[in-house]
Amino acid sequence: MNERGLLIVLSGPSGVGKGTVRKEIFEQPDTKFQYSISMTTRKPREGEVDGIDYFFKSREEFERLIAEGKLLEWAEFVGNYYGTPIEYVEKTLQEGKDVFLEIEVQGALQVRKAFPEGLFIFLMPPSLGELKNRIVTRGTESEDIINDRMRVAKEEIEMMDAYDYVVENDRIENACNRIKAIVTAEHCRRDRVAIRYKKMLEVE
Ligand SMILES: Nc1ncnc2c1ncn2[C@@H]1O[C@H](COP(=O)(O)OP(=O)(O)OP(=O)(O)O)[C@@H](O)[C@H]1O
Ligand SMILES: Nc1nc2c(ncn2[C@@H]2O[C@H](COP(=O)(O)O)[C@@H](O)[C@H]2O)c(=O)[nH]1
């Protein structure tokens, strides 16, 4: 039987660069993680594709999925629902593959309860000024939404101690290398712990 895969959760304030860093990591040929595509009630941005960037749902459909227990976690973030389909995550971990979630903080805290053995990484901006600059430069949100997201960002940053690691996204390449190094080190540490336990059990 396969060892279960590792659940990797990347979180952090809106605009810090989670999506950019995640896409860069997934473009690298040695990356073996599987990306869990989220569901949202947010309207697609220009260029976003249903089933690739998100599964876009109506509020009614999303609420039905919550009621049916189809989501591992979900949250309402600045006026829209976001959530992780549970079936894909469970099936993929069971196959021994690592699953990568890119989600906001309320959802990450729910995942922590369901998967305390997961690996939780918080992506930090170099400063709040730079964070705002990144959301504004992305050009996808209205001024009101940017202000709401910045307000939530401050609350989210206060939660960084709930994570296993905090990674600064100063340069995209640095952030990607740091995340990949953390995952490699965690695999190594966990494998060794597992071997030690197995040896202990053999002795008993
Ligand atoms: N290290 C970086 N240096 C400069 N700009 C960056 C960096 N990382 C990301 N960006 C830019 O910041 C903007 C926000 O990035 P991105 O959309 O990846 O953030 P996000 O955390 O996924 O946001 P959201 O949570 O709102 O989806 C983008 O325009 C992106 O090109
Ligand atoms: N709790 C969850 N949060 C999610 C999920 N998918 C994405 N997100 C986060 O929502 C905000 C806003 O995203 P945007 O695409 O509208 O900018 C951002 O922090 C995402 O990481 C999810 O499944 N669950």
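Residues are numbered from 1 along each chain as its sequence is written, and chains are lettered from A and ligands numbered from 1 in the order in which they are written. Because the model is predicted, local features need pLDDT of at least 70 and side-chain atom pairs count only at pLDDT 80 or more, whereas totals for chains, interfaces and linings use all residues.

UniProt, in an unreviewed entry, places the feature "domain: Guanylate kinase-like" at residues 5–184; UniProt positions follow the numbering used here, feature names are shortened, and annotations may be inferred rather than shown by experiment. This span is 43% helix and 21% strand, and its end C-alpha atoms lie 13 Å apart. Helices (H or I, at least four residues) and strands (E, at least two) are DSSP runs numbered from the N terminus.

Strand 7 (residues 99–102) pairs in the parallel sense with strand 1 (residues 7–11) over 4 bridges and with strand 2 (residues 34–35) over 2 bridges, pairing being assigned if DSSP finds at least two bridges between two strands. E102 of strand 7 is the bridge partner of L10, and V99 is that of Q34. From strand 7, V99 and L101 point one way and F100 and E102 the other, and all are buried (20 or more other C-beta atoms within 10 Å of the residue's own, C-beta atoms being placed from the backbone; exposed if 12 or fewer, partly exposed in between).

An open sheet of 4 strands shows mixed pairing in the order 4-3-6-5. Strand 4 (55–56) and strand 5 (71–77) stand at the edges, each with a single partner strand, so one side of each lacks a neighbour in the sheet. Strand 3 (residues 39–40) runs parallel to strand 4, to which 2 bridges join it, and T40 has F56 as its bridge partner in strand 4.

Helix 3 (residues 86–94) lies across strand 5 and strand 6 (80–85) and runs at about 30° to strand 6. Helix 4 (residues 105–114) packs on the sheet, touching strand 5 and strand 6, and its direction makes about 155° with that of strand 5. Contacts require C-beta atoms, placed from the backbone, within 7 Å; axes are lines fitted to C-alpha atoms, for helices over the stretch in contact, with angles from 0 to 180 degrees between N-to-C directions.

Strand 5, strand 6 and helix 4 each supply at least two residues of the shell around ligand 2. Of its 15 residues, S38, Y82, I103, E104 and G107 come nearest (a residue is near a molecule if its C-beta atom, placed from the backbone, lies within 6 Å of it). The shell divides into 4 nonpolar, 6 polar and 5 charged residues, where Ala, Val, Leu, Ile, Met, Phe, Trp, Tyr, Cys and Pro count as nonpolar, Asp, Glu, Lys and Arg as charged, and the others, Gly among them, as polar.

How values were computed: Two residues are in contact if their C-beta atoms, placed from the backbone, lie within 7 Å.
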